[in-house]
Amino acid sequence: MLIRTPEQDISRVLFTEKTIAARVEQLGAELTEKLGGKRPVLVCVLKGASFFYIDLCRSMNCNIDMDFIAVSSYGAGAKSTGVVRLIKDLDNNITGRHVVIVEDIIDSGLTMQYLKQLFSARNPASVTTISFLDKTARHDPSLKTDYCGFEIPDEFVVGYGLDYANYYRNLPYIGILKPECYK
């Protein structure tokens, strides 16, 4: 029996490990400049944003607090269900705090919209949004994040935390998954 490697399922690499690292450093510097003196709370949207989140936190040259939230709108499929479910809430109170929501990808925009509303109701000093990837063709332009790593085409991508049915997260790059792998 032949065992397939993850690389066999990738049609092409969009962003290499080196390109990702350079962009994350740049984003960390921009966030440090904007929020460095305010001790922001960076909130990781689990699980997909975890790789980006850790690298982003390490690239910021200021004091930060870290927190995590888990939501789901995909389940095990390749398309959003259209319903965002809260699985794990924040551990800390964000009232009066400068919050940065760190997301892996903006696809339909529903998750980010949900989180902005949820956090805004908790009276933070500010809410800043950042996504590693943005499929601009898939959502209303009003759902744009404050910061974005890369805009990407409307294709199914995996790697650097992004998955399909919990596979491919550990790839060090962003690649386009071959359609036969998820259809």
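The protein chain has 3 helices and 9 strands; helices (H or I, at least four residues) and strands (E, at least two) are DSSP runs, numbered from the N terminus. Along the sequence they come in the order β-α-β-α-β-β-β-α-β-β-β-β. With a radius of gyration of 16 Å, close to the 16 Å that the globule rule gives for 183 residues, the protein chain is as compact as a globular protein of that length. That radius is taken over C-alpha atoms, and the globule rule is 2.2 Å times the number of residues to the power 0.38.

Before I go on, a word on the model. This is a predicted model, where local features need pLDDT of at least 70, side-chain atom pairs count only at pLDDT 80 or more, and totals for chains, interfaces and linings use all residues. Residues are numbered from 1 along each chain as its sequence is written, and side-chain values use heavy atoms, with hydrogens and water left out.

Some overall values. The C-alpha atoms of the protein chain fill a box of roughly 55 × 35 × 30 Å along the principal axes. Of the 183 residues, 46% are buried, where buried means under 20% relative accessible area, exposed over 50%, and partly exposed in between (1.4 Å probe, protein chains only). The accessible surface comes to about 9,400 Å², and carbon and sulfur atoms hold 51% of that; the areas come from the Shrake-Rupley method with a 1.4 Å probe, and for residues only the protein chains shown count as cover. If we take contacts between residues at least 6 apart in sequence, 65% of them join residues at least 24 apart. Contact here means heavy atoms within 4.5 Å.

On charge, there are 21 positive and 22 negative side chains, and the centres of the two sets lie 2 Å apart. Lys and Arg count as positive and Asp and Glu as negative, while His and the chain ends are not counted. Each charge is placed at NZ of Lys, CZ of Arg, CG of Asp or CD of Glu.

Now to single residues. D65 sits in strand β3, residues 65-72. Which side chain does D65 join through a polar contact of 2.8 Å? That partner is R39. A polar contact is a pair of N or O atoms within 3.5 Å; within protein, one must be able to donate a hydrogen and the other to accept it, and residues adjacent in sequence count only if both atoms are side-chain atoms. Not counting residues up to four places away in sequence, D65 touches R39, P40, V41, L42 and R97.

Next, the loops. K47 is in the loop between β2 (41-46) and α2 (50-59), and a cis peptide bond with omega of about -5° joins L46 to K47. K47 is also one of the contacts of R169, whose list, leaving aside neighbours within four places in sequence, includes G48, F51 and Y160. R169 lies in the loop between β8 (157-158) and β9 (174-177). Is R169 buried or exposed? R169 is buried, at 17% relative accessible area.

A165 is in the loop between β8 and β9. Its phi is near 50°, positive in a residue other than glycine, and A165 is partly exposed at 31% relative accessibility. N123, in the loop between α3 and β6 (126-134), has a positive phi near 55° and is not a glycine either. N123 is exposed, with a relative accessible area of 52%.

Last, helix α3, residues 110-120, holds Q113, which is partly exposed at 35%. Q113 and V84 are 29 residues apart in sequence, and their C-alpha atoms are 9.8 Å apart in space.
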